[in-house]
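Let's take a walk through this model, starting with a hairpin and ending with the overall build of a chain. Have the viewer open as you read.

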Amino acid sequence: MLIALFSLVPLGYVVYMTVATGWDAAVELIFRPRVLELLLNTLLLMAFTVPLCLLLGVAGAWLVERTGLRGARIWAVLLAAPLAIPAFVNSYGWVSAVPSLGGLGSGVLIATLSYFPLVYIPAAATLSRLDPAIEQSAAALGLGAWRTFFRVVLPQLRIAMTGGALLVGLHLLAEYGAFAMIRFDTFTTAIMVQYQSTFNGAAGNMLASVLVFFCLLLLLAEVRSRGNARYARIGSGAQAKALRLPLRGYQVPAQLFLLALTALALGLPLFFVLRWTVAGGADIWAADEFLPALLTTLGYGLAGAVATTAVAFPMAYLAVRHPGWFSKSLELSNYVTSSLPGIVVGLAFVTVSIRVVPGIYQTAGVLVAAYVLLFLPRALVNLRAGLAQAPKELDEAAQALGKPPLLSFIQVTLRLTAPAAAGGAALVFLAIANELTATLLLSPNGTRTLATEFWSKSSEIDYAGAAPYALLMILLSAPMTYLLFQQSKKVAGQ
Amino acid sequence: MTEQSPPRLPEPRVAPSVAPSTNSHLEIAELTRNFGTQAVLKGVNLSVAKGGTTAIVGPSGSGKTTLLRLIAGFEHPATGSISLNGKKVAGDGAWVPAHKRHIGYVAQDGALFPHLTVAKNVAFGLDQANLDGGRRAVADRVRELLEMVSLDPDMAKRRPHQLSGGQQQRVALARALAREPELMLLDEPFSALDAGLRVATRRAVAKVLNQAGVTTILVTHDQAEALSFADQVAVMRGGKLAQIGNPFVVYTRPADRATAEFLGDAVILDAWMEGSLATCSLGGIPVRRPPAQGRVQLMLRPEQIRIAEDGPIRGVVVETDYFGPETTVRLKLAVPPELASGADHRYPGGGEVITIRHWNASLARPGMELCLRVVGEGVAFPSES
């Protein structure tokens with residue numbers, strides 16, 4: 001109950017602020033040329049980036065999972081790998097390559113290259129799990145390979161595609177660093193500018209409520225388009241192995257396409273991070289700056305991971321063992337909150353901690369609480385899957401064997417859930433390590449994490465000095481990407 | 001050529017196990033349980049003798065698994081009480097949790113702990129501190145238990161997922177036996193196994209439990225399993241026990257038509273009851289305890305109806321199904337001549353289609369007229385109309 005209320009803080013804040021500003025003032029702040037410009041920017045960004053991500057993601061997934069592509073196993077990992085590079089590091093790489101970069105076109109370019117794996121991963125997972133017998137039936141009914149793809153395979157990818165598109169959309173709304181670096185204004189960058197100049201002005205708050213409005217719109221659109229569709233495999237027995245379409249003459253173009261894609265999304269930022277690192281020499285590894293940032297990041301990551309898992313466990317337990325309206329509403333409220341941009345959650349916590357409990361403003365606790373809200377779903381998904389592996393019957397079997405309830409819970413349920421909990425905690429940890437926006441807003445004075453340090457250095461055009469932080473963040477993210485990739489395959493199989 | 005097949009009915013067992021309640025191990029009184037607004041158990045009374053084997057049989061949704069879970073202590077009853085060895089464990093303010101009831105419990109899929117080896121699963125309930133010899137004694141006990149359930153001791157190191165379904169069930173049984181429970185609860189433990197394995201596993205489990213002298217309650221939806229496994233069968237329907245008795249009694253003298261049809265194929269004919277004789281299309285059939293006089297429904301088991309060399313009762317073969325060892329024959333019954341003459345106007349039968357079983361397939365062809373006779377007694381139920 002407490003968690004549910006707690007997770008509604010950001011949403012409540014936005015509503016409260018809009019009401020407190022007053023209708024006329026709010027209308028005046030929202031309907032002005034500047035907002036129109038931001039609106040146009042954001043909408044155009046989404047209108048171009050989301051379809052591009054869908055196209056690249058599905059094409060990549062299809063090539064890897066359903067064709068005779070050479071080296072498909074390597075491509076499978078490489079196409080997911082750009083996710084390991086935080087979007088603002090990607091942006092940094094591109095600005096290093098083309099310093100004059102800016103505007104809508106470069107925003108679309110960087111966002112597409114950063115976020116197409118969000119479509120690719122679920123699409124690939126679904127494709128690898130689709131029952132080939134359905135495609136074979138389509139073939140038996142006289143459909144060729146192309147028509148089979150468009151009439152049978154693509155419809156089954158719908159859930160993966162709408163889910164991926166939603167994620168891309170939410171990331172576009174929430175991203176600050178990547179767009180700030182190329183001086184492309186979206187709602188989020190504008191809110192940050194407002195916050196930095198007026199600290200807690202009504203204008204920034206109104207922009208935040210418009211942003212939240214769009215997030216909710218996206219969520220609603222996704223729920224509507226997903227509807228009740230489920231594409232479960234009907235029938236039992238072992239699933240046949242998927243058929244792969246021989247590429248023949250298209251092998252070389254396919255390889256070149258994937259090579260170009262990974263070169264731009266992965267190779268270019270990596271190259272510039274490494275080049276700046278080398279160019280910077282030994283100077284940039286100043287231990288008195290670098291080590292504290294790393295330690296702070298590790299500390300926050302650990303604290304956030306533990307706190308998030310601790311909060312997620314009872315929620316997952318309720319959802320799996322006692323499903324009902326309460327557990328559902330708990331999950332829903334958290335689902336909405338975690339979809340809100342980090343900047344809104346950050347602003348909400350700043351305001352609440354100043355106005356309601358002044359003592360906690362800019363303390364580590366508030367920042368960890370914000371992390372919990374932002375990254376709870378990552379821990380939840382894992383814990384739910386883990387608890388599903390520890391059915392109630394096992395707990396009862398242990399009790400019938402003379403173990404008191406608490407002991408059987410520890411020896412059986414907790415023990416069986418532990419690997420999943422650890423996986424979820426790792427994901428949360430790594431997400432925190434790369435978090436920039438909320439950390440900038442909420443961290444105690446003088447706190448330096450890898451992300452904020454990278455940000456302050458690259459904002460001062462000290463690209464060489466920023467490189468080691470980028471490198472470390474990428475190194476930390478690599479295992480997270482791998483974990484997410486593995487998890488997606490499991491989830492698609494359920 | 002038409003020699004009679006040996007009688008198919010088993011001889012009744014002499015002593016039914018329904019023991020007086022003073023000697024009973026488990027005593028259940030007026031037990032109820034609701035899920036939300038839905039009543040799942042509507043007042044169950046059951047007494048199980050020490051060392052006895054009781055099967056609770058019923059269609060799915062009848063509440064039998066809920067009853068077992070209440071006995072195990074996984075759920076609380078709404079009203080009513082459960083006593084073990086004369087001591088109340090649930091109801092009337094008493095509550096003994098599952099882990100203190102000294103029961104063994106084997107779930108439908110075995111519920112083996114996936115993170116433990118077979119040996120550790122079996123040893124899970126053993127308290128090392130209470131065994132002389134510590135770890136060594138535990139290992140010995142595990143081996144002994146695995147042998148008891150006919151499993152190779154080499155399996156001790158395996159994980160549950162490396163075992164077949166039948167092996168998993170045996171490990172689950174060994175694990176439940178480890179603490180030497182006085183009462184063993186089996187929740188459809190054989191239903192996940194395929195047909196051949198099911199019979200073998202059931203026989204092995206029954207033997208082990210019998211030797212150990214453990215009071216056993218088996219929940220199943222398979223009436224053949226219930227009849228062959230237990231010395232007391234309790235038929236559950238709609239949250240109540242419709243009949244409790246030894247297998248022979250519940251099969252040959254079911255309490256009502258629904259129980260009769262649940263426990264096996266039944267031939268139901270309209271009949272006229274006078275004294276202890278029911279007259280129907282198959283002639284006059286003796287009935288032991290008629291529920292009413294006049295119009296009734298008569299129940300016979302198909303194997304009671306035999307093909308005779310000659311006689312007044314006749315039927316025309318409608319169709320046959322060949323199953324190898326036996327053939328089922330669908331017959332349209334003729335009205336016996338002495339009744340058709342109109343002498344007895346109260347006689348309600350004639351022209352019913354019934355199904356019987358016969359071992360000789362070559363006898364019956366569609367359109368052929370067969371003579372029939374009935375072996376043993378029938379059971380009469382009050383007429384439904």
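Which residue in the turn of the hairpin formed by β12(B) and β13(B) has a positive phi? It's B:G275, with a phi of about 65 degrees, and the hairpin has 2 residues between its strands. Before going on, some housekeeping: this is a predicted model, where local features need pLDDT of at least 70, side-chain atom pairs count only at pLDDT 80 or more, and totals for chains, interfaces and linings use all residues. Residues are numbered from 1 along each chain as its sequence is written, while chains are lettered from A and ligands numbered from 1 in the order in which they are written.

Strands here are DSSP E runs of at least two residues, and helices are H or I runs of at least four, both numbered from the N terminus; two strands pair if DSSP finds at least two bridges between them. β12 (residues 267-274) of chain B runs antiparallel to β13 (residues 277-280) of chain B, joined by 3 bridges, with B:M273 partnered by B:A278. β12(B) is also joined to β15 (residues 294-300) of chain B by 7 antiparallel bridges, and there B:D270 sits opposite B:Q297.

Elsewhere in chain B, β20 (residues 369-374) pairs antiparallel with β16 (residues 305-308) over 4 bridges, putting B:A308 opposite B:C371. β20(B) also pairs antiparallel with β17 (residues 314-322) over 3 bridges, where B:V316 partners B:E369.

Chain A is another story: 23 helices and 0 strands. Its C-alpha atoms fill a box of roughly 65 × 65 × 55 Å along the principal axes.
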